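Colleague: I would like a close look at one part of this model, with the charged side chains as the subject.

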Amino acid sequence: MPTKKPKVFVVHLGCAKNQVDAENLVGEMLHAGFATCDSANKADYILVNTCGFIEAAKEESINAILAQAKAKKAKQKLIVAGCLSGRYGEELMKELPEVDYWVGTYKPGELLKKMGIVAPQGCEAENLARMNLGGFPHHAYLKIAEGCNRRCAYCAIPLIRGKQDSRSIEDIVAEAKDLEAQGVKEITLIAQDTTYFGREKGKKGGTLAQLLRAILDNTKIPWIRMLYWYPMFVDDELLDLMANEPRLVKYVDMPIQHASDKMLKYMKRNYRKAELVDLLHKIRERIPGVTLRSTVLVGFPGETHEDFEELMELLQDVQFDHLGGFVFSPEEGTPVMEMDLPAVDESDARARLEAVTDFQEELAAEYAENMIGKTVKIIIDQVAEESEYHFYGRTEGNSMENDDIVKVIEGDGDVGEFHNALVMDAEPHELVVKLID
């Protein structure tokens with residue numbers, strides 16, 4: 001009789017970069033003879049992939065570990081991986097003896113070695129086919145580098161993941177080809193700082209533009225998207241390539257964090273407001289129809305009302321298509337903890353975030369109204385089960401899981417297909433369309 005495969009159930013928390021780590025871990029386990037299942041009750045192994053970026057994320061991760069530790073059966077094994085585990089593993093081991101295996105951020109072969117499993121040949125290859133945990137088989141995140149060479153004053157990522165280590169262009173292209181063979185129609189390139197790709201290795205590391213050309217030359221993937229640009233390393237070569245290559249989606253995700261020169265200096269962002277404004281307008285000019293997405297941080301120590309007004313002035317000037325915001329969270333070991341700066345009252349910080357959110361909602365409502373009657377190209381992401389709609393999807397200007405959605409009320413298609421659609425109605429963050437091709 002065939003040997004029963006041990007089953008693993010995954011609880012994933014955190015960002016897309018963390019998701020890729022979990023996918024690689026599960027890919028190794030599948031390669032070593034495991035199978036996945038859809039319930040912790042059915043599993044032999046439960047993998048909790050944690051986030052440790054800010055306090056709220058750490059609390060969510062701790063609660064997830066505790067919930068699985070409390071519910072696990074006698075013969076089940078609990079695995080904890082990810083950023084929280086990597087950052088506080090030694091402390092957590094003492095507090096949570098129910099956890100059987102601790103691993104940090106992904107290192108090829110580490111988990112199997114701790115489990116006493118001899119990795120099959122090829123199991124430690126970086127481009128080993130991984131399990132897609134996103135739930136959308138036509139989309140995949142592709143991590144192009146690990147770590148970060150920036151030392152922003154508020155950020156713990158360099159403490160958790162170390163300095164930047166870019167993958168080789170050859171390895172990334174090989175993974176892109178593998179994803180294409182699996183039916184992926186959209187890849188999203190991710191790293192802590194995608195625009196710095198390869199630069200830490202000098203000329204032999206290549207650049208982001210060279211990487212994009214290699215993916216374009218070696219695959220036919222229709223949509224290639226990038227997240228997490230850093231303003232300092234955006235050059236004309238990259239912008240021209242995006243403007244002229246139809247398979248590179250016209251979408252720029254560049255977290256600016258702030259606009260006041262004083263705050264940018266405190267945050268150690270290494271650019272000034274004037275440079276930032278010039279770059280944002282340049283992107284709009286060089287890439288017609290581009291979608292701009294960003295993130296801002298309010299309540300950082302030392303932020304005054306005048307600093308916040310400078311930020312709002314930039315937001316009014318640039319008018320980002322998508323904008324996220326968060327309130328400063330003090331993280332031990334980060335540079336800001338050594339800076340003698342006055343704290344911002346939490347109620348003031350929350351009010352500032354609310355002002356940013358309200359402003360962006362007004363823009364979203366205006367955009368939605370202006371889209372009615374226009375034709376857009378969409379990708380179908382999923383069937384809209386138990387709904388008046390047929391499908392849910394996205395336009396080129398919306399990234400997976402982060403931005404607005406499209407609701408298809410009329411027309412036939414399949415998940416992963418591209419269609420032209422007429423916008424029949426719209427609300428902030430959603431368009432209602434009918435397929436017209």
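Are R150 and D193 buried or exposed?

Modeller: The model is predicted. R150 and D193 are both buried. Their side chains meet in a salt bridge, with 3.4 Å from N to O. R150 sits in the loop between β7 and α5, and D193 in the loop between β9 (186-190) and α7 (208-218), so the contact ties together parts that are 43 residues apart in sequence.

A second pair involves the elements on either side of the loop that holds R150. R161 forms a salt bridge with E146, and their closest N and O atoms are 2.9 Å apart. This pair also links distant parts of the chain, since R161 belongs to helix α5 (residues 157-161) and E146 to strand β7 (residues 145-146), 15 residues apart. R161 counts as buried because its relative accessible area is 9%, and the cut-off for buried is under 20%.

In general, side chains of opposite charge can pair when their charged atoms come close. The count for the model comes to 30 salt bridges.

E354, D358, E361 and E362 form a negative surface patch, and the residues of a patch have no salt bridge. E361 is found in helix α12 (residues 346-371). With a relative accessible area of 34%, E361 is partly exposed. Q360 is also placed in helix α12, but Q360 counts as buried because its relative accessibility is 6%. From Q360 to D44 the C-alpha distance is 46 Å, and the two are 316 residues apart in sequence.

As for the whole chain, the protein has 12 helices and 18 strands. Its C-alpha atoms fill a box of roughly 65 × 60 × 50 Å along the principal axes. The radius of gyration is 22 Å, which agrees with the value near 22 Å for a compact globule of 437 residues. Buried residues make up 54% of those 437 residues, and R150 and D193, the pair you asked about, are both buried.

How values were computed: Residues numbered from 1 in each chain as written. Predicted model: local features only at pLDDT ≥ 70, side-chain atom pairs only at ≥ 80, totals over all residues. Heavy atoms only, no water. Patch = residues over 30% accessible without salt bridge, like charges linked within 9 Å, V, L, I, M, F, W, Y side chains within 5 Å. Areas by Shrake-Rupley, 256 points an atom, 1.4 Å probe, with all protein chains shown as cover. Salt bridge = Lys/Arg side-chain N within 4 Å of Asp/Glu carboxyl O. Lys, Arg positive; Asp, Glu negative; His and termini not counted. Charge placed at Lys NZ, Arg CZ, Asp CG, Glu CD. Helix = DSSP H or I, 4+ residues; strand = E, 2+ residues; numbered from the N terminus. Buried < 20%, exposed > 50% of the residue type's maximum accessible area, 1.4 Å probe, protein only. Rg over C-alpha atoms; globule rule 2.2 N^0.38 Å.
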